[in-house]
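This report covers packing, aromatic pairs and salt bridges in one protein model. Please consult the sequence and the coordinates shown below alongside the text.

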Amino acid sequence: LYTPFLFLGYGSDNDTYNVLWTGAYFVRTLDYIPSRGPGFFVFETVTFFLNVLGGSLLTNLGVMVMSLVTLYSFLRLCRQFNIPHTPLLALILAVHPYYWVNSTCTMDYLFALGFVFLGMLQVLRGKYFTAGVAMALGVGSRATAILIAAGFLIWYFLTQPQARKLLFQTGVAAAFF
């Protein structure tokens, strides 16, 4: 579903071109000037390297891969918590116009969401340190991803008392990175 749209350029958001400029400027001068406040260093850096290697096709493909990570993690989370009609829910998410468009253009929304959902999945797998790193990469890709990561961690902390000490490790790793 997504592949044909990968070839349509970076997308229509002007911020994408600021991201491209930021990456190029940082590599050239080692002076980081965010594309927009507060800065999205992870996404800007990854996008710079993908752009150098393959232009808009590769930057869009990178976002699509993170979109697929999000969908996979969403499926796993739904199954873990016995949510009914999981495949239908995932399909609805995948073909929602907003999600579809943002899965095929160079923007940070789904890049950040992919890392945060991966972090959630890692928590459920008992890999608390890597969960923190993944969530930190999500927040470093888009600052508002902290709302999803923190919301999940608080909910898990409240509902899973046996994991509270280990969740602390996730929080420390996320804060450090």
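The sections below treat the salt bridges, the nonpolar cores, the aromatic pairs and the surface.

The model is predicted: local features need pLDDT of at least 70, side-chain atom pairs count only at pLDDT 80 or more, and totals for chains, interfaces and linings use all residues. Residues are numbered from 1 along each chain as its sequence is written, and side-chain values use heavy atoms, with hydrogens and water left out.

## Salt bridges

Side chains of opposite charge can pair when their charged atoms come close. The structure holds three salt bridges, each defined as a side-chain nitrogen of Lys or Arg within 4 Å of a carboxyl oxygen of Asp or Glu. They are listed in the table.

| Salt bridge | N to O distance |
|---|---|
| Asp 15 and Arg 36 | 3.5 Å |
| Asp 108 and Arg 36 | 2.5 Å |
| Arg 142 and Asp 108 | 3.1 Å |

Through shared partners, these salt bridges join Asp 15, Arg 36, Asp 108 and Arg 142 into one network. Helices in this report are DSSP runs (H or I, at least four residues), numbered from the N terminus. Asp 15 belongs to helix α1 and Arg 36 to the loop between α1 and α2, 21 residues apart. The bridge between Asp 108 and Arg 36 spans 72 residues, with Asp 108 in the loop between α4 (97-102) and α5. Arg 142 lies in the loop between α6 and α7 and Asp 108 in the loop between α4 and α5, so this pair ties together parts that are 34 residues apart in sequence.

Asp 15 is partly exposed at 25%, whereas Arg 36 is buried at 17%. Arg 142 and Asp 108 are both buried.

## Nonpolar cores

In soluble globular proteins, nonpolar side chains tend to be buried together. A nonpolar core is taken here as a set of buried Ala, Val, Leu, Ile, Met, Phe, Trp, Tyr and Cys residues joined through side-chain atoms within 4.5 Å. The largest core has 20 residues, and those touching the most other members are Met 120, Val 123, Met 135, Phe 152, Leu 153, Tyr 156 and Leu 167. Helices α2 (41-80), α5 (109-125), α6 (128-141) and α7 (145-159) each supply at least two residues of this core. Its largest share, six residues, comes from α5.

With contact meaning heavy atoms within 4.5 Å, Met 120 touches Leu 77, Met 135, Ile 148 and Phe 152, not counting residues up to four places away in sequence. Another core, of 15 residues, lies apart from the largest one and includes Val 42, Leu 71, Leu 110 and Phe 111.

## Aromatic pairs

A pair of aromatic rings is described by the distance of the centres and the angle of the planes. Rings of Phe, Tyr and Trp (its six-membered ring) pair if their centres lie within 6.5 Å; planes under 30 degrees apart count as stacked, over 60 as edge-to-face and the rest as tilted. A search of the whole structure finds 17 aromatic pairs.

For Phe 43 and Phe 111, the ring centres are 5.3 Å apart and the planes stand at 65 degrees, so the pair is edge-to-face. Phe 43 lies in helix α2 and Phe 111 in helix α5, so the pair ties together parts that are 68 residues apart in sequence. Phe 43 is buried, at 1% relative accessibility, and Phe 111 is buried at 5%.

The rings of Trp 155 and Tyr 156 form a tilted pair, because their centres are 6.1 Å apart and their planes are at 55 degrees. Trp 155 is partly exposed, at 37% relative accessibility, while Tyr 156 is buried at 8%. Ring pairs link Phe 81, Phe 152, Trp 155 and Tyr 156 into a cluster.

## Surface

Which residues form the nonpolar patch on the surface? Its members are Leu 1, Phe 81, Ile 83, Leu 88, Leu 89, Leu 91, Ile 92, Val 95 and Trp 155, with about 790 Å² of accessible area together. Patches are made of residues with over 30% relative accessible area and no salt bridge: like charges are joined within 9 Å, nonpolar side chains (Val, Leu, Ile, Met, Phe, Trp, Tyr) within 5 Å. Accessible areas come from the Shrake-Rupley method with a 1.4 Å probe; for residues, only the protein chains shown count as cover.

Helix α3 (residues 86-95) gives the largest share of the patch, five residues. Leu 1 lies in the segment before α1 (14-29) and counts as exposed, at 63% relative accessibility.

Conventions:
Buried < 20%, exposed > 50% of the residue type's maximum accessible area, 1.4 Å probe, protein only.
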